[in-house]
Amino acid sequence: MGYSVVPEDFIDGGDKIVTTGTYSGKYKATGKSFTAAFAHIWTLKNGKAVAFHQHTDTAKVNEAIS
């Protein structure tokens with residue numbers, strides 16, 4: 001599967017950083033492509049990442065897989 005991640009916005013909340021953007025790719029087994037929005041939420045402590053949460057439109061990815 002070819003795959004790309006394109007961040008579009010960065011929101012600085014101090015110890016929380018939110019990145020929104022788009023995943024895209026093509027699933028080789030089905031030949032189907034997808035584009036899906038994402039949001040990444042990073043929690044920082046003393047300048048280091050201590051937590052990461054990812055939210056994405058998995059329905060778009062599942063359409064390409066099936």
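## The hairpin of strand 2 and strand 3

In this predicted model, G31 takes a positive phi near 75 degrees in the hairpin of strand 2 and strand 3, which has four residues between the strands. Strands (E, at least two residues) and helices (H or I, at least four) are DSSP runs, numbered from the N terminus. Strand 2 and strand 3 pair in the antiparallel sense over 12 bridges, where pairing of two strands requires that DSSP find at least two bridges between them.

Residues are numbered from 1 along each chain as its sequence is written, and side-chain values use heavy atoms, with hydrogens and water left out. As the model is predicted, local features need pLDDT of at least 70 and side-chain atom pairs count only at pLDDT 80 or more, whereas totals for chains, interfaces and linings use all residues.

## The other hairpins

Strand 1 and strand 2 (residues 16-27) run antiparallel and are joined by 10 bridges. Within this pairing, V5 has Y23 of strand 2 as its bridge partner, and D12 stands opposite I17 in strand 2. The hairpin of strand 1 and strand 2 has three residues between the strands, and G14 takes a positive phi near 80 degrees there.

Eight bridges pair strand 3 with strand 4 in the antiparallel sense. L44 has its bridge partner in strand 4, namely A49. Two residues lie between the strands in the hairpin of strand 3 and strand 4, where N46 takes a positive phi near 55 degrees.

The four strands form an open sheet in the order 1-2-3-4, with antiparallel pairing. Strand 1 (2-12) and strand 4 stand at the edges with a single partner strand each, so one side of each is left without a neighbour in the sheet. On average, neighbouring strands of this sheet are turned by 25 degrees against each other, direction ignored; the axes are lines fitted to C-alpha atoms, for helices over the stretch in contact, and angles run from 0 to 180 degrees between N-to-C directions.

Helix 1 (residues 58-65) packs on the sheet and touches strand 2, strand 3 and strand 4. The direction of helix 1 makes about 140 degrees with that of strand 3. Contact here means heavy atoms within 4.5 Å.

## The nonpolar core

Y23, F34, A36, F38 and A64 make up the largest nonpolar core, which has five residues. Strand 3 supplies the largest share of this core, three residues. A nonpolar core is a set of buried Ala, Val, Leu, Ile, Met, Phe, Trp, Tyr and Cys residues joined through side-chain atoms within 4.5 Å. In soluble globular proteins, nonpolar side chains tend to be buried together.

Leaving aside neighbours within four places in sequence, A36 is in contact with G21, T22, Y23, T56, D57, K60 and V61.

## Aromatic pairs

Four aromatic pairs are found in a search of the whole structure. Rings of Phe, Tyr and Trp (its six-membered ring) pair if their centres lie within 6.5 Å; planes under 30 degrees apart count as stacked, over 60 as edge-to-face and the rest as tilted. The ring centres of W42 and F52 are 4.5 Å apart and their planes stand at 50 degrees, so this pair is tilted. W42 lies in strand 3 (residues 32-45) and F52 in strand 4 (residues 48-56), so the pair ties together parts that are 10 residues apart in sequence.

W42 is partly exposed, with a relative accessible area of 33%, and F52 is likewise partly exposed, at 36%. Buried means under 20% relative accessible area, exposed over 50%, and partly exposed in between (1.4 Å probe, protein chains only). Elsewhere, Y3, Y23, F34 and F38 form one aromatic cluster.

T19, in strand 2, counts as buried at 6% relative accessibility. Apart from neighbours within four places in sequence, T19 is in contact with P7, D9, F10, F38, A39 and H40.

E8 lies in strand 1 and is partly exposed, with a relative accessible area of 49%. Not counting residues up to four places away in sequence, E8 touches T20, G21 and T22. E8 and F38 are 30 residues apart in sequence and 9.9 Å apart in space, C-alpha to C-alpha.

## Confidence

The mean pLDDT of the chain is 93, and 98% of its residues reach 70 or more; pLDDT is the predictor's confidence in each residue, from 0 to 100. Among the elements of the chain, strand 4 has the highest mean pLDDT (97) and helix 1 the lowest (87).
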